[in-house]
Amino acid sequence: RLHQSEDVYRGEALVKAAKSANGAAFRAALRAAARRPITGGTDKLREASSPLGLATAHLTRWFDDKELRSPSGEVDKLTQLLYDEESSVNEALKVLKEHSTLEAWLMERYKDETDAPALALVCGLASEHCEGAFADQCRTQAPILKRYAKCIRPLNTSVACKPLIGEIVASRPSVLEEADDPPRNPPAPGARVASNEDIKRDRAVFLLRR
């Protein structure tokens, strides 16, 4: 009983370390999990405190870090970290790659990102480290995303790029789109009604031309 609760406590501590910005704490947690896996607690805790669970949490933590992104969606600091062989983020990336879950993780990330610089980074990582169908499509889209990111840099504002260049994986539906108000002036019979996608695309084009 005591061993069980100690195990739970240890598992939670490992997860907490992986979610922190402290690279040394993450590495220590990774070693501890490999040396003595958590056997107590729930399935969820055992999964979260496994080396793969810890690496996934650490990688997600850095991708979610607002400090590493500029207001206009640039991800230079995050890119630097990911490509630094000495960084804990790079180590987390390698763990996902070893467990063959990196492509699935990047695919989920692709759904969440809207800015060209972040999407270019996701596609670049998939192109470089993965072999599946998603990675193949990323190899085609990455150069387009990089060019797009370069074009919008002078605007110094965040521009959603999927409406313009299309998406490899469908994005998550936004809450706003599901709760649209009925149009105030009903369209004339036979008139073409602009869809949400059209409106988004027009806005992106407008921002690009500004």
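Predicted model: local features only at pLDDT ≥ 70, side-chain atom pairs only at ≥ 80, totals over all residues.

User: At what angle do helix α2 and helix α6 pack, and how far apart are their axes?

Analyst: Helix α2 spans residues 23-35 and helix α6 residues 88-98; they pack at an angle of about 30 degrees, and their axes are 9 Å apart. An angle under 35 degrees counts as roughly parallel, so α2 is roughly parallel to α6.

User: How is the contact of α2 with α6 made up by residue class?

Analyst: The contact has four nonpolar residues, together with two polar and two charged ones.

User: Which residues of α6 are buried, and which helices do they pack against?

Analyst: Burial is read from relative accessible area, with buried meaning under 20%. In α6, the buried residues are Ser88, Val89, Asn90, Ala92, Leu93, Val95 and Leu96. Their packing partners are α2, α4 (51-63), α5, α7 (102-112) and α8. After α6 comes Ser100, which has a positive phi, near 55 degrees.

User: Which residues is Asn90 in contact with, apart from its neighbours within four places in sequence?

Analyst: With those neighbours set aside, Asn90 is in contact with Leu81, Leu82, Tyr83, Asp84 and Glu85. A separate reading is the C-alpha to C-alpha distance: Asn90 and Ala55 are 9.8 Å apart in space and 35 residues apart in sequence.

User: How is empty space found in a model?

Analyst: Rolling a probe the size of a water molecule over the atoms shows where empty space is left. In this structure, the second largest pocket holds about 220 Å³ of space.

User: How many residues line the second largest pocket, and which lie nearest its centre?

Analyst: The lining has 14 residues, and those nearest the centre of the pocket are Val75, Pro117, Ala120, Leu121 and Lys146. Two or more lining residues come from each of α5 (76-83), α8 (116-129) and α9 (133-152). Helix α8 gives the largest share, five residues.

User: What classes of residue make up the lining of the second largest pocket?

Analyst: By class, the lining of this pocket divides into seven nonpolar, five charged and two polar residues.

Key. Residues numbered from 1 in each chain as written. Heavy atoms only, no water. Axes fitted to C-alpha atoms, helices over the stretch in contact; angles between N-to-C directions. Helix = DSSP H or I, 4+ residues; strand = E, 2+ residues; numbered from the N terminus. Parallel < 35°, antiparallel > 145°, perpendicular 65-115°, else oblique. Nonpolar A, V, L, I, M, F, W, Y, C, P; charged D, E, K, R; others polar. Contact = heavy atoms within 4.5 Å. 1 Å grid on protein atoms, 1.4 Å probe; cavity = no way out; pocket = protein on both sides within 12 Å on 5 of 7 lines; lining within 4 Å. Points joined across faces, edges and corners; volume = space filled by probe spheres on them. Buried < 20%, exposed > 50% of the residue type's maximum accessible area, 1.4 Å probe, protein only.
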